[in-house]
Amino acid sequence: MSYATDTLSSLAAVAPGSDLAAAREVRDAATHNTAQSEKALFDGPSGLSRQERLALAVQVAGWLHEEQLSAYYRTLLQSLTPQSTPRLGAALAHAETLTFHPVRADAEGLNDLKKHGFSPEEIVTLSQIIAFVSFQSRLIRGLRLINGESVAGTTGNALAGEWHTQSSTRDGRAAPVAFTAQELGWTPWLAAKPYAEFSRDEQATLTRFGHHDSDYFRLLGRNLPVLEARTLTDKGIFYTAGGLPRAERELAATVASKVNGCIYCASVHARKAGQLSKQPEAIAQLLAVAPGESLSQGQNARWQAEIDFAAALSATPPTAGATHLSALREQGLDTLELLDLVQSTAFFAWANRLMLTLGEPYLPEA
């Protein structure tokens, strides 16, 4: 199976030599490693069959109304023998929860996958595929909007989503029941792979990214090529010079986490946004927004436009449209800044869905 060097440029009709193409070249690390993530997920080693992986991608992209992306994966799937098995049915049920209601994912859902024969490595890869296509779909929509193309399904601004309100974790620790900027812990529902069980080269990869003592990353390390490509994508989006100020990229991550109900991710990125912007009160106001309420109310004009766009792009299916782009351009955002905002927001369609489906946050002991 072969893939285009950059699926997104093709599907979003990014014209060579355009301002958007130039901006994507400036953000080459993100562009390249997004493509590498696709290759690692669909061509790399995995207990999941190629048919299972592509069938999931076709369905998730379709649910998100990203028909061209769904058709892209369907074309790849057509060369394989169709299969409909209880195992694939269980994978699609997991995909539906993770696509539409990631905050409702729980340990029992993972146990159901185990009952259908999925290994921990396969469950990690399964969740990565669903989350990646969720990211990819939003990224394509954002690129089309920057390109000035019309997109379907724009229905206004998205609102704050629901979140976990259980006061204790599955293993009995105190759990946060509201969004907060305080530092939280996170505990996996699947066992993280022990560091000693990684090869020397794999240990070096984990150490290079500072992840060797993290349960989360050692769990994702059950498919290390995907984790490596994903981490490099993250760094290419958030840790690059110029363009959108880093504080506003972190703001977008916080907004996406509010829409998806990911208290853990919001805590990390709200802290960063507050520190870098020197506006902790504005971030606290954002975190305090209740489910079903507007996330941008009371913010300054630039942040209002960015929050409204990030929330709409994070909705399921996404609702970001030309009106959102116009509001951002009125605030002076250029093409590179718009690309940074799209990528920062879209990436958390990926990150939130992993955090919410593979474990849960807890409050550290005082």
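Trainee: So helices here are DSSP runs of H or I with at least four residues, numbered from the N terminus. With that in hand, where does alanine 13 lie?
Mentor: Alanine 13 sits in the loop between helix H1 (7-11) and helix H2 (19-26). Keep in mind that this is a predicted model.

Trainee: Thanks! What is phi of alanine 13?
Mentor: Phi there is near 55 degrees, which is a positive value in a residue other than glycine.

Trainee: Why does histidine 65 count as exposed?
Mentor: Its relative accessibility is 54%, so histidine 65 counts as exposed; the cut-off for that class is over 50%.

Trainee: You mentioned H4. At what angle do the axes of H4 and H6 cross?
Mentor: Helix H4 (residues 50-63) and helix H6 (residues 86-100) cross at roughly 35 degrees, and their axes come within 10 Å. The crossing is right-handed.

Trainee: Which residues make the contact?
Mentor: From H4, they include Ala55, Leu56, Val60 and Trp63, and from H6 they include Leu88, Ala91, Leu92 and Phe100. By class, the contact has nine nonpolar, three polar and three charged residues.

Trainee: New topic: isoleucine 129. Buried or exposed?
Mentor: Isoleucine 129 is buried, because its relative accessibility is 1%. You'll find isoleucine 129 in helix H8 (residues 120-146).

Trainee: What is isoleucine 129 in contact with, leaving aside neighbours within four places in sequence?
Mentor: The list is Leu41, Phe42, Leu48, Arg53 and Leu56. Take phenylalanine 42: isoleucine 129 and phenylalanine 42 are 87 residues apart in sequence, and their C-alpha atoms are 8.3 Å apart in space. Leu56 is also one of the H4 residues in the contact with H6.

Trainee: How about threonine 335, buried or exposed?
Mentor: Threonine 335 has a relative accessible area of 15%, so it is buried. Its place is in helix H17 (residues 335-358). Not counting residues up to four places away in sequence, threonine 335 touches Asp19, Leu20, Ala23, Ile146 and Arg329.

Trainee: Last one: what kind of peptide bond joins threonine 316 and proline 317?
Mentor: That bond is cis, with omega about -10 degrees. Proline 317 is in the loop between helix H15 (301-314) and helix H16 (322-330).

Note on methods: Residues numbered from 1 in each chain as written. Predicted model: local features only at pLDDT ≥ 70, side-chain atom pairs only at ≥ 80, totals over all residues. Heavy atoms only, no water. Axes fitted to C-alpha atoms, helices over the stretch in contact; angles between N-to-C directions. Helix = DSSP H or I, 4+ residues; strand = E, 2+ residues; numbered from the N terminus. Left-handed = near helix turned anticlockwise from the far one by under 90°. Contact = heavy atoms within 4.5 Å. Nonpolar A, V, L, I, M, F, W, Y, C, P; charged D, E, K, R; others polar. Buried < 20%, exposed > 50% of the residue type's maximum accessible area, 1.4 Å probe, protein only.
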